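Student: I am new to this structure and would like to learn how to read it. Could we go through some of its features in turn?

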Amino acid sequence: MKKALISVSNKTGLLEFVKQLMKFDYEIISTGGTYKLLHDNGIPVTMIDEVTGFPEIMDGRVKTLHPKVHGGLLCLRNNENHIAQAKDNQIDMIDLVVVNLYPFKETITKENVSFAEAIENIDIGGPSMLRSAAKNHLFVTVICDTNDYQKVIEEIKTNGDTTFETRQKLAAKVFRHTAAYDATIAGYLSEKIGETELENFTVTFTKKQSLRYGENPHQKACFYAGKPQGFSMAFAQQLHGKELSYNNIQDGDAALNIVKEFADESVVVAVKHKNPCGVGIGNNVLEAWQRCYDADPVSIYGGIVATNQTIDETSAESMKNVFLEIILAPTFTEEALEILSAKKNIRLMTFDISRNHEDKNVLLSVNGGLLVQDSDSATIQDYECKVVTEKSPSESEMNDLLFAMKVCKHVKSNAITLAKDKHTVGIGAGQMNRVGAAHIAFEQAKSAGFNKGIALASDAFFPFDDVVRMAYNYGITTIIQPGGSVRDEDSIKACNELGISMVFTGKRHFRH
């Protein structure tokens, strides 16, 4: 009779799986809560201490860490010495292991979880059994995922046992699973004690979905989710529309990051190719949408729109006439959903606005390596705003400056953003020099009919006074920038000469 050792926290599908195993003459060994479930459902089951001859102790912390368990898992059945030692020590072979682990990740994501509770949900015996069984997959079948129950049963039914190929795949999955589990624990403990610049940086993500392709059709891609958080495409819910693409997810992420900057205002953001093409603030979502759309009605075509407000019937009626890939909002009214769902392909998605957690680290892969940095969490509250010109901005101009800088922070460098009356009127992104970025933004504002009273924000300092002098010709009346150039005085002098006010923030926002 073959033996199966089963100890699971997730008991989904377990009873049916065990009943199928018993049809193939498996003896079931189990522990704690799993034993109770099987026993209470009339399934013959052997308690683990009957195998080990040693009771569970220390509140269940020690129950399977025993030679009669791990010997039965690790014994090489084609090694005469192993078999002899097993016989001498009265160790029976264990042929199948089903283990899933204490829910550590789920525990630490709960509100106000205590450190003690987190520690108690670190599984020790489970990973040990999984690793032992996986190491010996030449002879032992190991399952850590309930989705594999049916495949194992079908192979046992067909062949009398699982195939070696399947055992290899299951073993590889186990080591991925335990590696992710340990990485989560390591990350949690390191964060708790404030460790930085770790000698080994390990992160783990869970597959959310396969994607049709990556940035281009010849590239394969998948989407993985990390720790639950708000303002996140990884945890957004899709209510309608076709499958997300790789580029949709990138653009959606960029849009949500900008929305997050406007916690206390009704904002609508439009994004194309990870850069904002329009941002508007209003007294309600419709007004914010109209200002966002008016900022650049050409570039918004095929874009992603996100807001921190509920999409209602009136805003949906206005949006439905524009080709959009995605609309992201905390909620949609039933009427809005009905209106927008008439468009077959548009993705309508909700995201959690209540949880404003953000990853402390930004990760970027490079060939053969990984760059890790703190996220750019600097806000206008962190600026050391200083008027450096003879002229000071008016209250309305200062509001436009701060609005423009909030947007500029999320534009690819070199970045210039122009704003007037609570919406962007020109954005220059990703240029090799600041004059080029400024020229794009200026021409966009000019073509839309904006030629006076415009606020300008720059993500980094002006190395020369050329942008200032060009700005004057396009109706720029006030400028905000980090400052810090050795030639700051040139720009200040030009502003004073031309009657432009300028504010330094002391914070740069390069975005490569």
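Tutor: Start with contact, which means heavy atoms within 4.5 Å. Keep in mind that this is a predicted model.

Student: Which residues does Ala457 touch, not counting residues up to four places away in sequence?

Tutor: Ala457 touches Ala404, Met405, Cys408, Ala415, Ile416, Thr417 and Ile480. Ala457 itself is found in strand S19, residues 454–458.

Student: Is Ala457 buried or exposed?

Tutor: Buried means under 20% relative accessible area. Ala457 counts as buried because its relative accessibility is 0%.

Student: How many Å separate the C-alpha atoms of Ala457 and Leu239?

Tutor: The separation is 37 Å, for two residues 218 places apart along the chain.

Student: Where does His423 lie, and what does His423 touch?

Tutor: His423 lies in strand S18, which covers residues 423–428. Leaving out residues up to four places away in sequence, His423 touches Val279, Gly280, Arg291, Ala295, Phe403, Leu418 and Phe450. With 9% relative accessibility, His423 counts as buried.

Student: Now the sheet. In what order do the 5 strands of the open sheet stand?

Tutor: The order is S3-S2-S1-S4-S5, and the pairing is parallel. Strands S3 (46–47) and S5 (141–143) are at the edges with a single partner strand each, so one side of each has no neighbour in the sheet.

Student: How many bridges pair strand S1 with strand S2?

Tutor: Strand S1 (residues 2–8) pairs with strand S2 (residues 26–30) over 5 bridges, in the parallel sense. Within this pair, Leu5 stands opposite Ile29 in S2.

Student: What caps the N-terminal end of helix H5?

Tutor: Asn79 does: one of its side-chain oxygens lies 3.0 Å from the backbone nitrogen of Asn81. Helix H5 spans residues 80–88. After H5 comes Gln90, with a positive phi near 55°.

Student: Last, how is empty space found?

Tutor: A probe the size of a water molecule is rolled over the atoms, and this shows where empty space is left. Here the second largest pocket holds about 860 Å³ of space.

Student: Which residues lie nearest the centre of the second largest pocket?

Tutor: They are Glu106, Cys144, His177, Ala180 and Thr206, out of 23 lining residues. Helix H6 (104–108), helix H10 (164–192) and strand S6 (206–211) each supply at least two residues of this lining. H10 gives the most, with 6 residues. By class, the lining has 9 nonpolar, 8 polar and 6 charged residues.

Note on methods
Residues numbered from 1 in each chain as written. Predicted model: local features only at pLDDT ≥ 70, side-chain atom pairs only at ≥ 80, totals over all residues. Heavy atoms only, no water. Helix = DSSP H or I, 4+ residues; strand = E, 2+ residues; numbered from the N terminus. Buried < 20%, exposed > 50% of the residue type's maximum accessible area, 1.4 Å probe, protein only. Pairing = 2+ DSSP bridges. Polar contact = N/O pair within 3.5 Å; in protein donor to acceptor, adjacent residues only side chain to side chain. 1 Å grid on protein atoms, 1.4 Å probe; cavity = no way out; pocket = protein on both sides within 12 Å on 5 of 7 lines; lining within 4 Å. Points joined across faces, edges and corners; volume = space filled by probe spheres on them. Nonpolar A, V, L, I, M, F, W, Y, C, P; charged D, E, K, R; others polar.
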